[in-house]
Amino acid sequence: MTADPRDSGPADLERALRALVADERRVRVPPHVHAAVMQAWDRAMSSVTPRRAPRRVRLAVVAATIASAALIITVAFDRRRPEPTLVDPAPIASMEPLPSANMTLPEIEAPVVRSKPPRRRSRAERAPRTTTGIVLVADPILDGSALSVVRVRVPLSALINFGIPVPDPDAQGSVDLEMLVGEDGIARTIRRAVPVTTSEPQE
Amino acid sequence: MPAVEATEPADAELVRRALAGDRDAFEGIYRRYHAVVYRFARMMSGSPAVADDVTQEVFMALMRDLGRYEPQRAGLATYLYGVARNVTRARLRKEQRFVNLEEAPAGTSDSVGPTDPTEALAHSQDLIRLRQAIVALPSRYREVVILCDLHDLSYAEAAAALGSPVGTVRSRLHRGRNLLAERFRAADGDRSRSVVGSVARCLA
């Protein structure tokens, strides 16, 4: 691979160059250079690993953000909501029919949950067609665990599943329910039921 | 340039594996080319310490820019020579490090030379003078002399490493050899005068 024959130069320079080449081939690289280079490689590779997973990091951040937002919303909701106090559960004593719906909802005898401070009811809630009370759906929570209020609109026929007798199971219509749901996702009580009024023209 | 045995993986294969994160492949590249890089930097700078740093920087640059290396354009050795040349020049320029001829590397301790102590001394002094003369060359001549005369690169390989036309390499090499011969002779004359002066002082 040597280039063209060298230009004519002093013989001693040629000899010295050959000796220098032989001398240079005996030069050894200090071992600390090798160690430093491979350490740099290891550092570079260890820093590459997080760079290869930005998607995972982003997903984790998004998940943490969602969880934080859910926690904040839950805390804010709990502050707005009157803290339920469990009292002795009472059995469903009797049922009375709702005015506009051909069904019955339980009459409240002894409150299972008492809110403090009592929430101011709106005019609509104070309407006589609104039935407010507690229907025990599942075993009450006696250890003071948190409850969540879940509002749902269900068909009248679905109330049969709650053990509420409905005179006409085939009747049409819906009811807005406010249910207290435990942390386990099981509905503990129905504390409020509002029949949904339809504006269908009467014939 | 280091010879690659048939049983060893080719440079392109090592590069491909190193790109995939194979530590052994990168270490294989290092073991194959670290010596030529180190010797080139040592001869260019005249300083083993600078050669240490340059060698590290060259291989760190390689691991950083490994994806930019194109095997079809140049051999890995040529590529590394080019990186080493740039790193060395940048290092010397940055530090404004002017070569101190008194601290030029003296070579290896186990240099092969004459067995006669007098001849060995002269041989060693010749090497020292030659190293000093090479280090004192302007960098554009020094690098071609090192690549072509000490590292046995062809004109084309040196041109590829330096990013210069082959004709430029040829002319610089010619000029560099002439300068080197002049300085080597001048250093020899200085040494002769120094020896004569020392003898005269001893006889006085």
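Predicted model: local features only at pLDDT ≥ 70, side-chain atom pairs only at ≥ 80, totals over all residues.

Colleague: What makes B:Phe40 and B:Tyr81 count as buried?

Modeller: Buried means under 20% relative accessible area, and B:Phe40 and B:Tyr81 each carry that label.

Colleague: How many aromatic pairs are there over all chains?

Modeller: The count comes to 4. One of them has the rings of B:Tyr30 and B:Phe59, with centres 4.8 Å apart and planes at 65 degrees.

Colleague: Why is the pair of B:Tyr30 and B:Phe59 called edge-to-face?

Modeller: Ring centres have to lie within 6.5 Å, and planes over 60 degrees apart count as edge-to-face. With 4.8 Å and 65 degrees, B:Tyr30 and B:Phe59 therefore get that name. B:Tyr30 sits in helix α2 of chain B and B:Phe59 in helix α3, so the pair ties together parts 29 residues apart in sequence. Both B:Tyr30 and B:Phe59 are buried.

Colleague: And what makes B:Phe40 and B:Tyr81 edge-to-face?

Modeller: Their ring centres are 5.8 Å apart and the planes are at 75 degrees, so the pair is edge-to-face.

Colleague: Why are α2(B) and α6(B) called oblique to each other?

Modeller: Their axes come within 10 Å and cross at roughly 140 degrees. Roughly antiparallel needs over 145, and roughly perpendicular covers 65 to 115, so α2(B) and α6(B) end up oblique. The α2(B) side of the contact is made by B:Phe40, B:Met43 and B:Met44.

Notes. Residues numbered from 1 in each chain as written. Chains lettered and ligands numbered in written order. Heavy atoms only, no water. Axes fitted to C-alpha atoms, helices over the stretch in contact; angles between N-to-C directions. Helix = DSSP H or I, 4+ residues; strand = E, 2+ residues; numbered from the N terminus. Parallel < 35°, antiparallel > 145°, perpendicular 65-115°, else oblique. Contact = heavy atoms within 4.5 Å. Phe/Tyr/Trp six-rings, centres within 6.5 Å; stacked < 30°, edge-to-face > 60°. Buried < 20%, exposed > 50% of the residue type's maximum accessible area, 1.4 Å probe, protein only.
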